[in-house]
Amino acid sequence: MEKYQDETLSFEERAADLASRMTLEEKVYQTLHGAAAIERLGVKAYNYWNEALHGVARAGVATVFPQAIGLAATFDEDFLEKAAEVISDEGRAKFNVQQKYGDYDIYKGLTFWSPNVNIFRDPRWGRGHETFGEDPYLTSRLGVRFIKGLQGSDKKYLKAAACAKHFAVHSGPEDTRHSFNAVVSEKDLRETYLPAFKACVKEANVEVVMGAYNRTNDEPCCGSKRLLEDILRGEWGFKGHVTSDCWAIKDFHEFHMVTANAVESVALAMNRGCDLNCGNIYGNLLKAVEQGLVKEETIETAVTRLLTTRMKLGLFDAPEKVPYHAISYDVVDSRKHQEINEEAARKSIVLLKNENNMLPLQKDAIHTIGVIGPNANNRKALVGNYEGTASEYITILEGIQRYVGDDVRVMFSEGCHLCKDRIQGLSQGNDRISEVRAVAEMSDVIIACMGLDASLEGEEGDEGNEFASGDKPNLELPGLQEEILKELAATGKPVVLVLLSGSALAIPFAAGNIPAILQGWYPGARGGKAIAEVLFGDFSPEGKLPVTFYRTTEELPDFTDYSMKNRTYRYMKNEALYPFGYGLSYTDISCQDATLEKTGDNFIIKAVLSNNGARMGRQTLQVYVRACREQELNWQLKGLKKIELQPGEKKEVSLTLTEADFGLYNEDGIRVLEAGDYEVYVGTSQPDKRSIALTGKTPIKVPVHIKESKRIPE
């Protein structure tokens, strides 16, 4: 038995031994995402490029959950871990049969390049729906739990290897990402852009980190000394492997112009600790070694890290020793997983407006429902991007039809194209308006299904993206959607607006004129069923906005400005249309009796949530902290907990804050706890005036005094 085959040794020892036995050429070809087999050493081919953003993606049938932004709207970290456990179970089950039948293709491995924990700093960014929203605390908590669900709880083996991406300071613009230089202050770097990555590394022990395409403060992220050496491996002690984004390393010389050619580019990336190349440019490492730009030992270190990951996954051990090898294919898209998926969709729905308690709808009082709009029967609007293949898709139209059965007539009109001025190319434009009027006239209630889909917002270069770069040009409803909505409002019929989108839209007309509004995100393959069940009151909405809904595009800072000034709820000066953390319910859950007690360096927050309504509901207790001194920052989310309450039920909830939660970063990027007064807000929303006006509830303010200033260690 060779040393690397000895299962009593550590994975690191075994990987180092295996790497040392490889020739230089064999080592180099292990650093490509499609790593070659080495038969003489018993190394199988392995493809590191796999996706599982909201379900196992691009590899056939799997449970397709709501898009990540929708999962974020659950404001429920326990549920995020539950969903990720489903994803990793299916990933293992699929991998087991793929290996059985000799399928080593792309998207057929266990190194899943998820989650995306970039901060959704600007609502125009096309890939924002892949993230957990605009807040670093929420993103951190959800990212950590998603990773734990993916990687599993076995003491020896990983169920799957998660990947925190894209490191770091990346959120558009998509059309210039290969050459863009994100300039960011030390304060914003530490306070906004790095916390989620830090939590993923230090708390969740994420196995993989992916670099971004752009430069950050002049350094290409996949070859950045500051990010990869000083912070990731130096400060945070990251032990896993780093992968480039796909074909990002060739950007070094082609677009960033920081190197002269491919050989210099691969040398820079490898020497900075980018172990894996998504792409094929690392083949040039052979020349880099010849030219003395890279040492073979550096490549061997990278290969050791890569093999360590594969060994943690049990790929070099006897199958009977690896508990996850026993996961059978019958778990894939099982009824149990479909039910969890439907639960995810329900939990993600945010009720933005419910004038005079128009919702839930009473089926017995309705004879005809008009379902109108380009997203009413749009499967693409269910799933977002980086998606798998579902065995069944349930659109909003189909969900309503199934729910009401033969008891209620359901009439349908597409209304308009999602973004163009006509559906049929030879028409004169607005070619469904007469149908819209006819359906509206016949209906007792109208469900208007508007918004976006992944053909309008997504990644640069996505096939068929209508806006080319993937970023949105503005926050308005595209095409004729607003015009159709105004037509429906003018009928005087009760109208419910259901928005399917992966980002915030500016909908001031709807906010002022449509009595009920639901934000459904991209709710997953079975999202139409969940939306119907919420519309008719089988479940009460419980989602909260993980992003701010602004009133206008014009109030946004320049898209390329990475300063956080006037961005997101933490720094914005204007009043939001619908604020971060906001979401209504069909029941009345209030927060009372909030107290704070200091214990050592911690602060124990206790509050009572009471369900004063007539139906069961779930509510998220939210805790925000604000320093009472002149500064740009408003307040920051620092605690959350989802609670289920039956009618009349009360529950005491306890959360812990640390001194670090009161610390703020100075311009040098150092976190300092300043002596002085602070305010802790405990409630079911932000403490801003708009949230209070919309909910009718004011978070409880608890004062805190800090006696001495101190530096908070990282």
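Colleague: Which residues does valine 680 touch, leaving aside residues up to four places away in sequence?

Modeller: Happy to walk you through it. This is a predicted model, and in it valine 680 touches Leu596, Ile605, Val623, Tyr624, Val625, Leu657, Phe662, Ile700, Lys701, Val702 and Val704, with residues up to four places away in sequence not counted.

Colleague: Which residues touch the most other members of the largest nonpolar core?

Modeller: Val680 is one of them, together with Phe167 and Tyr282, in a core of 153 residues. The element that gives the most to this core is helix H4 (residues 77-100), with eight residues. Another core, of 76 residues, lies apart from it; Leu361, Ala381, Ile507 and Trp521 are among its members.

Colleague: Now a loop residue. Is serine 503 buried or exposed?

Modeller: Serine 503 counts as buried because its relative accessible area is 0%, and buried means under 20%. Its place is in the loop between strand E13 (495-500) and helix H18 (508-513).

Colleague: With which side chain does the side chain of serine 503 make a polar contact?

Modeller: The partner is the side chain of lysine 472, at 2.8 Å. Beyond residues up to four places away in sequence, serine 503 touches Lys472 along with Phe120, Pro123, Leu452, Glu457 and Phe549.

Colleague: Last one: what is the strand order in the open sheet of three strands?

Modeller: The order is E20-E21-E24, and the pairing is antiparallel. Strands E20 (664-665) and E24 (710-711) are the edges, each pairing on one side only. Two bridges join E20 to strand E21 (residues 671-673); leucine 664, for instance, has valine 672 in E21 as its bridge partner.

Methods:
Residues numbered from 1 in each chain as written. Predicted model: local features only at pLDDT ≥ 70, side-chain atom pairs only at ≥ 80, totals over all residues. Heavy atoms only, no water. Pairing = 2+ DSSP bridges. Helix = DSSP H or I, 4+ residues; strand = E, 2+ residues; numbered from the N terminus. Core = buried A, V, L, I, M, F, W, Y, C linked by side-chain atoms within 4.5 Å. Buried < 20%, exposed > 50% of the residue type's maximum accessible area, 1.4 Å probe, protein only. Contact = heavy atoms within 4.5 Å. Polar contact = N/O pair within 3.5 Å; in protein donor to acceptor, adjacent residues only side chain to side chain.
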